[in-house]
Amino acid sequence: MTQIKDMILKEIDKVGIRDGISETIVTTFSSNIANAAPMGIIRADKNIKIRIFKGSDTYNNILVNPFLTANIIYDPLLYVVSTFSNLNPSEFRKKDYNNIAYYPLVSSVSFVLFECRNIQEKISLLTADLIPLHYEINSNMIKAPNRGFFSVIESCIHGTRYQLTGSDKFLALIKKHENIVNKCGGTREKESFELIYKYLERTF
Ligand SMILES: Cc1cc2nc3c(=O)[nH]c(=O)nc-3n(C[C@H](O)[C@H](O)[C@H](O)COP(=O)(O)O)c2cc1C
């Protein structure tokens with residue numbers, strides 16, 4: 001078993017989860033409902049971790065069913081919808097690995113199924129070590145970095161902080177990213193950005 005895990009760990013680079021924090025859309029499952037939310041997968045060589053703030057569905061699901069799938073996704077719209085709302089059930093695929101039901105996203109270019117071990121509940125968050133069990137690479141799509149895509153991701157993060165604090169400083173940061181999306185983004189990035197405004201119920 002340890003050998004299998006070491007082998008999978010060596011392969012994780014290929015799946016796209018490398019040193020540092022990889023932004024993924026994490027899918028979890030409990031009470032017959034699959035959930036998706038953007039989450040950072042924190043990797044330092046063989047050590048892979050996640051930090052999940054209290055109050056999210058992901059947090060609650062992991063305490064009930066300690067498995068998660070980290071999906072590598074290039075579609076900015078899925079980041080926006082899964083940050084501020086719920087993905088349509090048609091976005092999930094049901095799969096099984098050694099009797100573990102898990103739900104990768106249909107449009108993932110790759111994904112890794114992880115078991116959460118050593119779950120520690122702290123005051124406002126939980127931390128868990130992630131043990132890779134299985135991975136799949138679904139597409140060889142090559143995509144050059146697009147600044148508009150990263151601006152959508154950054155704006156999602158600022159948007160969640162704005163919702164939490166109500167602080168205008170996060171709106172100002174989002175406004176800066178709007179310029180980059182307008183300059184560098186494609187149709188999908190622009191559409192995604194509009195949606196962030198809608199979720200925040202604001203226009204600038
Ligand atoms: C790019 C990105 C990365 C995020 N990373 C994390 C994270 O590592 N941990 C966390 O608790 N929340 C993170 N968030 C915030 C959650 O995705 C957000 O709170 C979400 O609404 C939780 O959804 P859920 O209730 O369906 O789990 C991130 C958001 C974005 C946009």
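## Ligand site

In this predicted model, 17 residues surround the ligand. The closest are Pro38, Arg51, Phe53, Thr58 and Thr83.

A polar backbone atom of Phe53 sits 2.7 Å from an oxygen atom of the ligand. For Asp57, a polar backbone atom is 2.8 Å from a ligand oxygen. Thr83 places a backbone N or O atom 2.7 Å from an oxygen atom of the ligand. Taken alone, the ligand exposes 650 Å². The protein buries 82% of that area.

## Helix 3 against helix 4

Helix 3 spans residues 76-84. Its axis comes within 9 Å of the axis of helix 4, and the two cross at roughly 10 degrees. Angles under 35 degrees count as roughly parallel, so helix 3 is roughly parallel to helix 4.

Helix 3 contributes Pro76, Tyr79, Val80, Thr83 and Phe84 to the contact. Helix 4 answers with Phe149, Val152, Ile153, Cys156, Gly159, Thr160 and Gln163. By class, the residues of this contact divide into eight nonpolar, four polar and no charged.

## Helix 4 against helix 6

Helix 4 covers residues 147-165, and helix 6 covers residues 187-199. They pack at an angle of about 5 degrees. Their axes are 10 Å apart. Helix 4 and helix 6 are therefore roughly parallel to each other.

On the helix 4 side, the contact is made by Gly148, Phe149, Val152, Ser155, Cys156 and Gln163. On the helix 6 side, Glu189, Ser192, Phe193, Ile196 and Tyr199 take part. These residues divide into six nonpolar, four polar and one charged.

## Glu136 in strand 8

Glu136 lies in strand 8, which runs over residues 125-137. Ser124 is 12 residues away from Glu136 along the chain. The C-alpha atoms of Glu136 and Ser124 are separated by 33 Å.

Which residues does Glu136 contact, leaving aside its neighbours within four places in sequence? They are Arg93, Lys95, Tyr102, Ser110 and Phe111. A polar contact of 3.0 Å joins the side chain of Glu136 to the side chain of His134.

Definitions and conventions:
Residues numbered from 1 in each chain as written. Predicted model: local features only at pLDDT ≥ 70, side-chain atom pairs only at ≥ 80, totals over all residues. Heavy atoms only, no water. Axes fitted to C-alpha atoms, helices over the stretch in contact; angles between N-to-C directions. Helix = DSSP H or I, 4+ residues; strand = E, 2+ residues; numbered from the N terminus. Parallel < 35°, antiparallel > 145°, perpendicular 65-115°, else oblique. Contact = heavy atoms within 4.5 Å. Nonpolar A, V, L, I, M, F, W, Y, C, P; charged D, E, K, R; others polar. Near = heavy atom within 4 Å. Polar contact = N/O pair within 3.5 Å; in protein donor to acceptor, adjacent residues only side chain to side chain. Areas by Shrake-Rupley, 256 points an atom, 1.4 Å probe, with all protein chains shown as cover.
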